[in-house]
Amino acid sequence: MTKSPPSFDYIVVGGGTAGLAVASRLSEDEAVRVLVIEAGGDHGSDPLVSTPGALVGQYGDPKYDWNFRSVPQPGRVGEARQPGLGPNHPASRGAVHIASPDIRVRPRLDPKYMSHPLDLEVLARHVQFVEKIVATKPLRSSFKMGEGGARLPPGLVGDTLEGAKEIVRRRLVSIWHVTGTCAMLPREKGGVVDRQLRVYGTRNVRVVDASVFPLQPLGNTQSVVYAVAERAADPINNCESVT
Ligand SMILES: Cc1cc2nc3c(=O)[nH]c(=O)nc-3n(C[C@H](O)[C@H](O)[C@H](O)COP(=O)(O)OP(=O)(O)OC[C@H]3O[C@@H](n4cnc5c(N)ncnc54)[C@H](O)[C@@H]3O)c2cc1C
């Protein structure tokens with residue numbers, strides 16, 4: 001006799017920050033069966049995972065890192081040095097699209113950094129301010145200035161707004177707080193999920209993770225992901241609106 005396959009009330013795809021928080025909440029009811037499907041490995045006892053701060057050893061290693069890369073961003077040169085600046089509310093909007101019907105081909109990810117002139121203007125004005133700070137005692141002695149061990153490549157000077165904009169364009173790096181690729185917005189505004197986090201056009205497929213944020217949060221993303229997951233778990237159970 002063939003055994004019938006197990007059935008589940010919920011299938012959570014991705015056992016990351018949001019996925020496990022949602023699965024944990026949904027499975028509080030012992031009558032509810034939850035399946036979590038996670039593509040990554042089991043690194044529970046790996047010191048590179050369990051030691052705070054050790055994550056720098058994981059960068060670029062396919063054992064830990066999916067190594068997704070965006071399409072090249074125009075003008076960007078590469079490595080950055082302190083001091084760093086980050087726009088809390090970037091106005092530029094990127095895009096992610098499938099690149100092939102083959103699921104093994106990675107999607108095309110284009111963050112379109114600095115595509116909105118406001119982002120460039122705001123960061124450039126901050127660069128000008130930072131340039132003043134690093135040229136002022138006592139911080140001045142902590143930074144390499146001028147030819148030789150220069151802090152900035154030759155030709156980059158932040159004493160005019162245009163010069164500061166060039167510094168922004170050429171020194172831009174990203175810091176892994178990707179959000180908003182399936183934003184909770186009206187469909188006509190490019191939204192992917194509705195107020196119940198249901199994917200438009202589907203009956204019961206929901207997205208609960210950092211991708212549903214319609215705006216970049218002011219601070220770090222992780223705590224907001226937990227908040228979204230906690231907030232989403234009850235309505236998923238009760239089929240109510242999340243907002
Ligand atoms: C290097 C780094 C440093 C960070 N530092 C900070 C920080 O200091 N503070 C902070 O607040 N935030 C930080 N973040 C951001 C934070 O980790 C994320 O915002 C948060 O984890 C996103 O949660 P999520 O649930 O949306 O996605 P994730 O936690 O990334 O979960 C997604 C899960 O889905 C799995 N998955 C992917 N594809 C599939 C598939 N096809 N099938 C099944 N499973 C799949 C992945 O393996 C992963 O486990 C950092 C991120 C990185 C990468």
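1. In this note Ala, Val, Leu, Ile, Met, Phe, Trp, Tyr, Cys and Pro count as nonpolar, Asp, Glu, Lys and Arg as charged, and the others, Gly among them, as polar. By these classes, the shell around the ligand has eight nonpolar, 10 polar and two charged residues.

2. The model is predicted, and local features need pLDDT of at least 70, side-chain atom pairs count only at pLDDT 80 or more, and totals for chains, interfaces and linings use all residues. Residues are numbered from 1 along each chain as its sequence is written.

3. Of the 20 residues around the ligand, the ones that come nearest are G14, G16, D209, N220 and Q222, where a residue is near a molecule if its C-beta atom, placed from the backbone, lies within 6 Å of it. Two elements, α1 (17-26) and α5 (222-238), each give two or more residues to this shell, and the largest share, three residues, comes from α1.

4. The chain has five helices and four strands, which are DSSP runs numbered from the N terminus (helices H or I, at least four residues; strands E, at least two). Read from the N terminus on, their order is β-α-β-α-β-β-α-α-α.

5. As for overall dimensions, the C-alpha atoms of the chain fill a box of roughly 80 × 45 × 35 Å along the principal axes. The radius of gyration of the chain is 22 Å, whereas a compact globule of 243 residues would have one near 18 Å; the radius is taken over C-alpha atoms, and the globule rule is 2.2 Å times the number of residues to the power 0.38.
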